[in-house]
Amino acid sequence: MSDTASPPPPHSSGPRTASGSPRSRQNARIHGLTATLPESDTEAALMQAFADRWTAQLGADTEAEEALIRASAVAYARLERCRKVEEQTLAEASREAVSRWEKTQQHAVRRKAQDLSRDPSNTLADLEASSFGCEWLMRHWLRLDLKLEQGIAWDRDDKSLSMRLLGFHPQAPGPDAAPALRRFWHLVRLCCREAVPPVDAWPADPVAARAELRVVIQDELDRLGTLRDQSWLEHDADQAAAVAQLALIDTSKAGQLRQRYHREAFSEMIRGINQVMRLRVERSKDQDRQWHQAHPHVSRKRFPGTPSTGAGFPNRAAPNTPAPPPPAPDVPADPRPSDSRNEPPPSPSDPLRHPLKPYYTNDLRRNESERTSPDDVRTEPRFPRSSPLPDGPTSSAEGPRPPSDSSPRP
């Protein structure tokens, strides 16, 4: 191993031809969902229509608002582009999922139909239980009818297939078989141009046998068509709807990328609208501030009876409301603060009021010298006292108290 490192490979500078350069510019262009410019004249007209309509509806007052509104309209056009691409992609994915499901069901029916040669009766019942099985039977009956319509004789395989499509083995029915089955076997042999012994009231030439056999095939097609529709409504329609609904959930990398582009366009549109609203709120606040500076005598507080200009400015007085007259200079203002807005200030003769309880006075707390009635004198309690008197046992207002249980007995 040599100590000298090999030089790095030269970097490619890209195509140099006139046809290769425009083609290389489209390498990063996959779906155009992130393009801010319109992709076609139709989309350009749509963006312009959005911008004009939004500007007329929102009413841009300044150039900044108009620019933000138009940018939001362009973002909305991108949002619509993402939505249309998402709907088309999901609809196509749903159709492809249903188509794959139908092919799977058809393949299962073909594999089931291989048992007709071994067990025609049970296999026919299984095929008639599904709409795809009925379609398989109808398709083979139509192929046999097409040969009769063109006047082409049936071969041995067609004769065997016709009997198996009815649920019977391809052999002559016995004498105890149903008359309809024995008649059908007679018609099939005539259509195959075989020598058939004549039977009374039955066709004897291939042309008449071919016409009657086509009537039998048409009745069988009508019966299978009814069974197919009924089976589709009862079983297969729900499965197809479930498959189509499941295909609408796109968890692939491309689906996640489309969802991200959709969210970015929506966020950009909302951001532009919010900026417009913020500019309008700030301009409204500035106008309100200028109006109050021009009318300093008008208070910002809203008193009862003060009209308002709207829901946005409840504290601003109406422009046509006359300003209140200034106070007269010769009337001195009362320096004493009033306790209540609706009551006059207390006079000097009023008793001293409590600072936190304006309706509480000290009249109830009078001195002993201010008592004017003997009723004001506090009386003794009606309950017996527990403290002993100096001259004898415990006394009360009601007389001597009987001895308690704890006192010594004589």
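Which residues are exposed on the other side of α2? D41, T42, A56 and Q57 are. The legends below describe close-up views of a predicted model.

**View 1. Helix α2 and its buried face.** Helix α2 covers residues 41-58. E43, M47, F50, A51, W54 and T55 are buried. Seen down the axis of α2, these buried residues fall within an arc of 120°, so they line one face of the helix. They pack against α3 (63-113) and α9 (253-294). Just after α2, G59 adopts a positive phi of about 65°.

**View 2. The E65–R283 salt bridge.** The closest N and O atoms of E65 and R283 are 2.6 Å apart. E65 belongs to helix α3 and R283 to helix α9, so the pair ties together parts 218 residues apart in sequence. E65 is buried, at 0% relative accessible area. R283 is partly exposed, at 25%.

**View 3. A salt-bridge network with D52, E66 and R70.** Salt bridges link these three residues in a network. R70 and E66 meet at 3.4 Å, N to O. Both lie in helix α3, four residues apart, about one turn of the helix. R70 is partly exposed, with a relative accessible area of 27%. E66 is also partly exposed, at 32%.

**View 4. The R183–E212 salt bridge.** Here the closest N and O atoms are 2.5 Å apart. R183 sits in helix α7 (residues 179-191) and E212 in helix α8 (residues 206-247), so the pair ties together parts 29 residues apart in sequence. R183 is partly exposed at 24% relative accessibility, and E212 is partly exposed at 22%.

Conventions. Residues are numbered from 1 along each chain as its sequence is written. This is a predicted model: local features need pLDDT of at least 70, side-chain atom pairs count only at pLDDT 80 or more; totals for chains, interfaces and linings use all residues. Side-chain values use heavy atoms; hydrogens and water are left out. Helices (H or I, at least four residues) and strands (E, at least two) are DSSP runs, numbered from the N terminus. The expected span of a helix is 1.5 Å times one less than its number of residues. Buried means under 20% relative accessible area, exposed over 50%, partly exposed in between (1.4 Å probe, protein chains only). The arc is that of the directions from the helix axis to the C-beta atoms. Contact means heavy atoms within 4.5 Å. A salt bridge is a side-chain nitrogen of Lys or Arg within 4 Å of a carboxyl oxygen of Asp or Glu.
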